[in-house]
Amino acid sequence: MTLDLTRRDWLVGGTALAGSLIASTITSAQTVPEANLTPTPENPIRAGFNENVYGPSLKAKKVMDEAAKTAHLYDFFGQRKLNQVIAKMENLPGDHIAIDNGSTPFLEKTTFACAIQQGKVLAPNPTYGSVTGTAKMLGLDIISVPVGENMGIDLDAMRSAMTDDVKLVYLCNPNNPIPSIIEKNSLRDFCIEMSKRAIVLVDEAYYEYVNNPDFESMKSLVTEHKNIIVCRTASKIHGFAGVRMGFAFAHPETMRLITGPFNLSLSNVAVAGAVESYQDTEYQTFIKQKNRESMDILEKMFKDLNYEYIKSNSNFAFFNAGRPSTEVATALKKHGIISGRPFPPFTNWVRMSTVKPEEMQYVVDAYRKEFG
Ligand SMILES: Cc1ncc(COP(=O)(O)O)c(C=O)c1O
C-alpha cells in the first residue's frame, strides 16, 4: 500500500494559497485531492454514501504508509496505544472500549447476540439498515416503529411498542437517512429504562458532525448500565470508510457480546492511521467547516426551491423533492452524480451527502438544470 504525499498534495488549494499556506492556514493543506468538476460514470461525484470525500488526514496517511512496512506483524502494541488515545479522549476506562473494523461488526455481533436469545429487535423506521438487515437475515422479528410527525425518532411510540421478548433496542443518533437527533434528556431516560429489559445499542456514527445543544453522546451511561452499548466509526469524519476502523463503548461484562478472546482482525495500517487521525483535531475542524459550507449550498437550494427539508446534524441532507428519489437519481446520474437510494416510506425524499463545496455547487447546478 503506497500513499504518496507529493508537494502538489499540499498545494492543491491553488497557487494563490501557496504563499500563505505553510505559514498559517494549515487546514488548507488538507484539501487533497482536487475537487472533481468533470464527473463521469467511472469517476462520479459520490453524494450518495455519506462518506468524507476528502479522505483521511495527511498526517494519518503518512503514518499509514509507514505502518504498511510492518503489515506482516500482529499489532498488539498499536491497538493498546489506540485504546489509550480513545480512552483519554472519551474519558472512559480502557476496558470499556472495543475496537473493530468499523462499526458494522458491532452492529452485527449485537444482533447475533439477540438471535442467540431468540429475541425480537425494536427499531425506528426509517433508520440505518445494518441491525434490521442482519435481524432479517437471521429470521428475527423486527418491531419497526415509524418516526413521528416531525420525522424524528419517536421514543414514546418505541416505549409503547416494547415487549418482553425484545432483546435488542437499536437507536441511531443522529439518525440516517433522516439527519435528526434525539433530545438528550429524553434519550438518556429512555436508554436507562429500556436497558433494564434489553440491550440498547446507540449508533453514533455521525456524532462528530453534530453542533446542537440538544444532543449528547450516551457513552457516559456504559460505566453504570451493563446493557447499553454505544458505537462509533472512523468511516465518517475521519475518512476511513475504506480503511475500516470503529469502536464500541460498553461495560466490561457486556464486551463478551461484541469481542472475542483475541483481537487479531485489525489491520495495523488502520490502527496506526486512527491513532494519528483521532489526535488530529485540526483535520476534524477542517472537515466540519467544509461540511458546513456544502450544507449551506444545499440548504440555499432547498430554500430557493421552497423545498421541505430536515435540518441536518450530519454530513448529509434529506429533502422532499416532490418526485420519486429514483427519478432524481436517474437524472443526476447523467451528470456523473450519485445520490442516495430510496428510503421507504419517504420515497419522494432524497438523501444527499455533502461533497466538497465546489462539487456541491456542481450538484446543485445539475439538479436545477433538471428540476428548476
Ligand atoms: C448510522 C450508520 N452506522 C454505521 C455505519 C457503518 O459504518 P462502518 O463503516 O463503521 O461500518 C453507517 C454507514 O453509513 C451508518 O450510516
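Domain bounds, as I use them in this presentation, come from an automatic or database domain assignment. On that basis, the protein chain is divided into domain 1 (1-34), domain 2 (35-57 + 281-371) and domain 3 (63-279).

The model is predicted: local features need pLDDT of at least 70, side-chain atom pairs count only at pLDDT 80 or more, and totals for chains, interfaces and linings use all residues. Residues are numbered from 1 along each chain as its sequence is written, and side-chain values use heavy atoms, with hydrogens and water left out.

Let me begin with the relation between domains 2 and 3. Their centres, taken over C-alpha atoms, are separated by 25 Å. With contact defined as heavy atoms within 4.5 Å, 25 residues of domain 2 are in contact with 29 residues of domain 3.

I turn to the sheets. Helices (H or I, at least four residues) and strands (E, at least two) are DSSP runs, numbered from the N terminus, and two strands pair if DSSP finds at least two bridges between them. An open sheet of seven strands has the order β2-β8-β7-β6-β5-β3-β4, with mixed pairing. Its edge strands, each pairing on one side only, are β2 (97-100) and β4 (142-146). For angles, axes are lines fitted to C-alpha atoms, for helices over the stretch in contact, and values run from 0 to 180 degrees between N-to-C directions. Neighbouring strands of this sheet are turned by 20° against each other on average, direction ignored. Helix α4 (residues 76-90) packs on the sheet and touches β2, β7 (228-233) and β8 (246-249); the direction of α4 makes about 130° with that of β2.

Within this sheet, strands β5 (residues 166-172) and β6 (residues 199-203) run parallel and are joined by five bridges. L168 has I199 in β6 as its bridge partner.

There is also an open sheet of three strands, in the order β9-β10-β12, with antiparallel pairing. Here β9 (309-310) and β12 are the edge strands, each pairing on one side only. Five bridges join β10 (residues 316-320) to β12, and F316 stands opposite S353 in β12.

Next, the backbone. Most residues other than glycine have a negative phi, and most peptide bonds are trans. N50, although not a glycine, has a positive phi of about 55°, and is placed in the loop between β1 (45-46) and α3 (58-67).

On a 1 Å grid over the protein atoms alone, a cavity is a set of points where a 1.4 Å probe fits but cannot get out; a pocket is an open set with protein on both sides within 12 Å along at least five of seven lines; and lining residues have an atom within 4 Å of a point. Grid points are joined across faces, edges and corners, and a volume is the space filled by probe spheres set on the points. For residue classes, Ala, Val, Leu, Ile, Met, Phe, Trp, Tyr, Cys and Pro count as nonpolar, Asp, Glu, Lys and Arg as charged, and the others, Gly among them, as polar.

The largest pocket holds about 420 Å³. It has 26 lining residues, and F49, Y128, N176, Y206 and K236 are the closest to its centre. By class, this lining has nine nonpolar, eleven polar and six charged residues. Why is the largest pocket placed between domain 2 and domain 3? Both domains give residues to its lining, so it lies between them.

The second largest pocket has a volume of about 370 Å³. Of its 19 lining residues, R46, E51, N52, V53 and G55 are the closest to its centre. Domain 2 and domain 3 each supply at least three residues to this lining, which comprises seven nonpolar, seven polar and five charged residues.

Among the residues lining the largest cavity are E51, N52, V53, Y209 and K356. Its lining has five nonpolar, four polar and three charged residues.
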